[in-house]
Amino acid sequence: MSLNKIFRNTLLVFFASILLSACAVKTTGKMQGDVYTGKDTVEYLASGVPDRVFFATNETVLTTASRETLRKQASWLRKNSKINVVLEGHADERGTREYNLALGERRANAAKDYLMTYGISGNRISVISYGKERPVDSGSNPLAWSKNRRSVTVKAN
Amino acid sequence: MRKFIFLIYVCLFVFNWGKAWSLIEVDITRGNLNPLPLAVSPLSVDQNSKDKFKDLLKLEDIGIEISKVVENNLRQSGLFNPLDPKAFLQKPDIAHVKPRFEDWALIKAQALITGEVKIVDEKLRVEFRLWDVLAGKEIMALAFTTVSENWRRVGHIITDKVYQRLTGEKGYFDTRIIYVAEEGLKTSRIKKLAIMDQDGFNTKYLTLGNELVLTPRFNPTNQMVTYLSYFKNLPRVYLLDIETGIQEVVGDFPGMTFAPRFSPDGKKIIMSFAKDGNSDIYTMDLESREVEKITNHPSIDTSPSYSPDGKYICFNSDRSGYQQIYVMRSDGSKVKRISFGNGLYGTPVWSPRGDLIAFTKLHKGKFYIGVMRTDGTGERLLTENYYQEAPSWSPNGRVLIFYRETKSDSAGKGFSAKLWSIDLTGYNERMVKTETDASDPSWSSLLTD
């Protein structure tokens, strides 16, 4: 890679992050696009290991922040090899019930697949979808919905 | 001169003839802004029967009570305007034998329902007649016997017969609704299966609320229900026998099964099975327990519903990138997308008449209940709201029942979930009375045909 290219990439990343942070500021300060970035509802599996990741509307793609969270979970799971986990997938209330059950399952599996690429055995991970049945925030507003679109890693034993 | 008289005579004859045959008809294919005025005379009861029913059912006057059921049904249908009984001039027993049509015409009744209830061998015997007031004749008479606890159903059956005689189509009044009764906070909602008569009476709870239950649906004979239960925190499709209360899990799937419905012959359950982030549609034969995979696609395939002849299945898939409605043969071949409008489409349900598919549509932050032809043409949106979904057809395919939720603040305040119904015409939108909050309604077929 030429120096020029590296420079250009750095510049791109730099501008992109400015743009994104501008976006986040423009909305509520707790969302990037419509993905929740705040910590209000987050609990911790261990110090510095957040238990949940958030998704955009109708999406199951893991964001950069989500992947970072899951890497922390994976390294914690590697250190605590006796612990198994359940990944609970959720959707917001702005969708039909049956589709949201499938969407929650897909979200939890996106998290599971990522943990597995970091060496966690699939045998230690089970998955359950609650669809839109168990919101953490009762509000009917975009911020509440962003907190509810989530996959939560819960200790199973 | 003679010729003139003759002419007048002919005219009179034609008028009279026209009048005599001006049998009442109600058009249910259009929104009805002028519901047909009719009189539901209280059913007459002799003193002896009245006393016995009072003992048995704790009802002051069973005749009045049954006629109230009929009256309410007819009013809710939006097609009829039952007149205030206070204006009735004739006594029920006399009206039932020989109505004085002038009296009923005077209060603008075009049709009249009369009847008689008796106790015969500890059973309830009812006889009723439908009269065309303008033509001055009886147009229907029926009698039947039933156990007295079924007295509300007597009112529903009478309504069905009257509705059928006047509209030319089968009614939907002697039916039940199965639904999910909801209580408690939005974040930890308690849900139970509940069943009630179509008019909101006789509610019974079928589960205790210990586990989350969703999406109950009747089998064609209304004795079984298939639904999703989170029993032991394993979301699976279950089968419940309403009479015996026996529940069993459907199949042995290593993951979540959901979105169940019966096939039109009642022999199979069709549902989604989710595994490794992919939901596909499966069927299970209830007798042979044979499982068949119907769709095979890496997208979400869910909410399957059979056509009434069992030859086709409509379902919801996001294989195009977003939720849309598809139709395929019942073996899974010839998959064809049918929804192409703006927005997302979900919860397709095939009409019992076979010609339409009802759906939920999400567009620009609003939810719609609509219908389209089975090839996707002729989309018609019936109602718009903040949140509503999951339509279910009345057995005659003329009315849809669905549920609607309201907005809430962060404390969950303002939230409610209620059942609503609307005619296929887009008119006659009504809240359906339930004891608690309610969702996921499913309409039974006619209990007596």
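I looked up chain B first, and of its 449 residues 55% are buried, where buried means under 20% relative accessible area, exposed over 50% and partly exposed in between, with a 1.4 Å probe and protein chains only. I am working with a predicted model, in which local features need pLDDT of at least 70, side-chain atom pairs count only at pLDDT 80 or more, and totals for chains, interfaces and linings use all residues. Residues are numbered from 1 along each chain as its sequence is written, chains are lettered from A in the order in which they are written, and side-chain values use heavy atoms, leaving out hydrogens and water.

I then noted that chain B has six helices and 30 strands, these being DSSP runs numbered from the N terminus (helices H or I, at least four residues; strands E, at least two).

Next I turned to helix 2 of chain A, where I found A:Ser66, A:Thr69, A:Leu70, A:Gln73, A:Ala74, A:Trp76 and A:Leu77 buried. These residues cover an arc of only 165° around the axis, so they lie on the same side of the helix, the arc being that of the directions from the helix axis to the C-beta atoms. On the other side, A:Thr64 and A:Lys79 are exposed.

Last, I looked up A:Ala91, which sits in the loop between strand 6 and helix 3 of chain A and is buried, with a relative accessible area of 4%. Leaving aside neighbours within four places in sequence, I found A:Ala91 in contact with residues including A:Asn100, A:Leu103 and A:Asn148, contact meaning heavy atoms within 4.5 Å.
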